Amino acid sequence: MPEMAKSDKRFFYSLVPAALVSSLILVLLFIVLIYYSAPAFKEYGFRIFTTKTWSPSEESARTSEYGLFIPLLGTLVSAIIAVVLALPFAISTVIFTEEVIPKGMNKVRETFSTLIDVMTGLPTIVYGLWGLAILAPFLRDNLYNPLYAVLGSIPLFSCRPVTGTTILTAGILLSMMIMPFMYSVIRHSYKRIPAIYKEAALALGTTKYEYSKIMMGMVKPSILAGILIGFGRAAGETVAVALVVGNTFNMPSCLLSSSYTISALIANQFGNAALYPYMINVLVVGGLILLLIGIVSNILGIMYLNRVRYTA
Amino acid sequence: MILRTGISFFTDTPAYPGADEVGGIGPSLLGTMWLGIVSTAIGIPLSVLTGIFIVEFRNHKLAKITKVFTHSLLEIPTVLIGMLVFLTIVVPTGHYSLLAGSIALVIVMLPYTMSYLERALDEVPRTYKEAGYSIGMTRKQVVFKVVLGIAKPGVAAGLLIGVAKGISETAPLLFTIGSARGDFPVSPMDLGKPGDAIPLLIFQFIQSPYENWHDLAWGASFVLTVIVLVTFALVKLVVREVKL
């Protein structure tokens with residue numbers, strides 16, 4: 001960089017404080033999380049991740065037991081369900097907007113796309129409210145009870161669905177929330193496929209289905225990126241999940257039982273955690289895990305996105 | 001729901017649990033309003049100055065680091081922002097406050113605002129800047145008098161998106177603003193006190209067993225959705241492509 005003029009230099013340094021504040025937030029977050037989680041590791045060790053019980057005690061650390069195993073598993077299971085359910089919808093919606101809506105109807109295409117974008121912008125609490133009051137009872141009556149009656153012998157569905165708030169409900173609600181994200185990631189790359197490739201595929205006399213399949217193959221890295229970014233979002237989502245996951249310490253191995261996720265655990269317990277020794281620290285460990293899941297999945301996602309390169 | 005109670009829905013305090021009437025979301029609406037105002041007031045200078053820094057000195061190492069770090073904020077689950085503010089502000093000051101909530105929301109809105117801002121500042125044509133330099137303006141003058149003037153719509157859009165994203169968040173407020181619905185802050189002098197916000201009210205009331213509180217939560221979520229959609233529509237008017 002060339003030497004700056006004196007006045008420019010002053011300008012540069014006058015902006016530094018704001019830039020530092022903005023970038024130090026992330027650093028501060030890491031430091032605070034590590035600082036507060038250290039005592040939990042010291043007291044309980046690696047056991048935090050493997051213990052299945054959660055029995056806080058106000059007296060001392062000796063009598064209380066905090067295990068993050070169930071919430072951790074719950075977070076992973078619900079996020080995986082969400083991604084698996086959302087992906088087909090995201091892909092077919094992309095094909096629908098780009099290929100099925102006729103060429104001349106750009107206005108329709110843009111409106112449709114905006115509608116899906118608005119879905120991302122809706123407050124998550126509104127999804128949660130809807131999920132708890134309408135989706136959960138609906139699923140219990142129309143999906144869970146039949147599933148339990150028919151497939152009850154399979155361990156995955158072997159528990160009686162008492163309420164509609166289950167790990168599966170959380171996964172289904174999350175899939176609706178992350179679908180628009182995956183949609184916009186995939187569509188972004190899809191729109192950039194050079195016309196040459198499209199023409200080449202069409203010139204071979206492909207049917208619409210074959211054509212779409214070839215095009216999807218071309219944006220494969222962005223589909224992977226969508227999966228990763230969607231997974232990160234789903235794992236970190238808090239209030240909507242806290243409302244529909246049921247918030248009980250049941251193993252999420254049965255999809256029809258209520259369970260817990262890390263984010264829901266934090267949302268429900270963190271406010272009163274100061275009453276119990278070490279509870280704050282254990283919850284911060286959970287937070288640290290969420291942060292790592294979020295950042296790792298996003299970095300990998302961006303890496304895949306950068307791989308979408310067309311040489312045309 | 002809102003039709004039934006009329007205008008008092010926006011001004012009353014919530015009714016007692018289990019009561020026949022519903023009451024209103026007055027304290028929460030006011031709280032959300034304050035959160036929006038205060039977080040914008042903090043967010044504008046912070047994001048505009050950081051944005052100028054990132055765009056104007058883009059080749060400088062510090063600018064690159066700042067860009068990566070602020071954009072990564074987008075990937076942080078928002079509940080962690082609440083955790084951070086709880087541990088660094090609420091615990092030392094000893095009580096919940098609207099100010100703490102506003103700071104949490106600034107962190108939420110920052111990455112959204114930044115990405116708009118950077119694009120807006122970036123798209124200002126070079127010729128305008130050069131015109132500024134050619135009449136002997138310093139870099140500072142060019143940025144504040146020429147670039148910001150041209151990029152104004154984009155900057156405004158970024159701030160609006162940021163505020164809309166901020167006030168629709170629940171998780172960062174869970175452990176930062178308390179949920180004071182009786183003795184709630186009215187004047188700016190009370191920002192150090194605990195308050196309430198619409199998303200928080202929905203989250204707590206829908207989990208209560210009372211019918212009238214459920215109704216209130218539905219009404220409140222309608223209001224929140226309308227606020228957010230109106231903001232998006234405004235942004236859509238300003239910039240063509242909205243990225244959420």
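**View 1. Contacts within chain B of the predicted model.** In this predicted model, if one takes the contacts in chain B between residues at least 6 apart in sequence, 73% of them join residues at least 24 apart. Of the 244 residues in chain B, 52% are buried.

**View 2. The helices of chain B.** The secondary structure of chain B consists of 10 helices and zero strands, and the order of its elements, followed from the N terminus on, is therefore written α-α-α-α-α-α-α-α-α-α.

**View 3. The side of chain A that touches chain B.** Where the two chains meet, chain A supplies 46 residues to the contact and chain B supplies 48 residues. On the side of chain A that touches chain B, the elements giving two or more residues are α1 (6-44), α3 (106-121), α4 (124-151), α8 (220-236), α9 (239-244), α10 (262-269) and α11 (279-306) of chain A. The element that gives the most to this side is α1(A), with 16 residues.

**View 4. Confidence along chain B and in the model.** The mean pLDDT of chain B is 78, and 82% of the residues score at least 70. Within chain B, helix α1 (residues 2-5) has the lowest confidence, at a mean of 58, whereas helix α6 (residues 98-122) has the highest, at 84. Where pLDDT is low, the predicted coordinates should not be read in detail. The scores for the model are ipTM 0.81 and pTM 0.84.

Technical notes
Residues are numbered from 1 along each chain as its sequence is written. Chains are lettered from A and ligands numbered from 1 in the order in which they are written. This is a predicted model: local features need pLDDT of at least 70, side-chain atom pairs count only at pLDDT 80 or more; totals for chains, interfaces and linings use all residues. Two residues are in contact if their C-beta atoms, placed from the backbone, lie within 7 Å. Helices (H or I, at least four residues) and strands (E, at least two) are DSSP runs, numbered from the N terminus. pLDDT is the predictor's confidence in each residue, from 0 to 100. A residue is buried if 20 or more other C-beta atoms lie within 10 Å of its own, exposed if 12 or fewer, and partly exposed in between; C-beta atoms are placed from the backbone.
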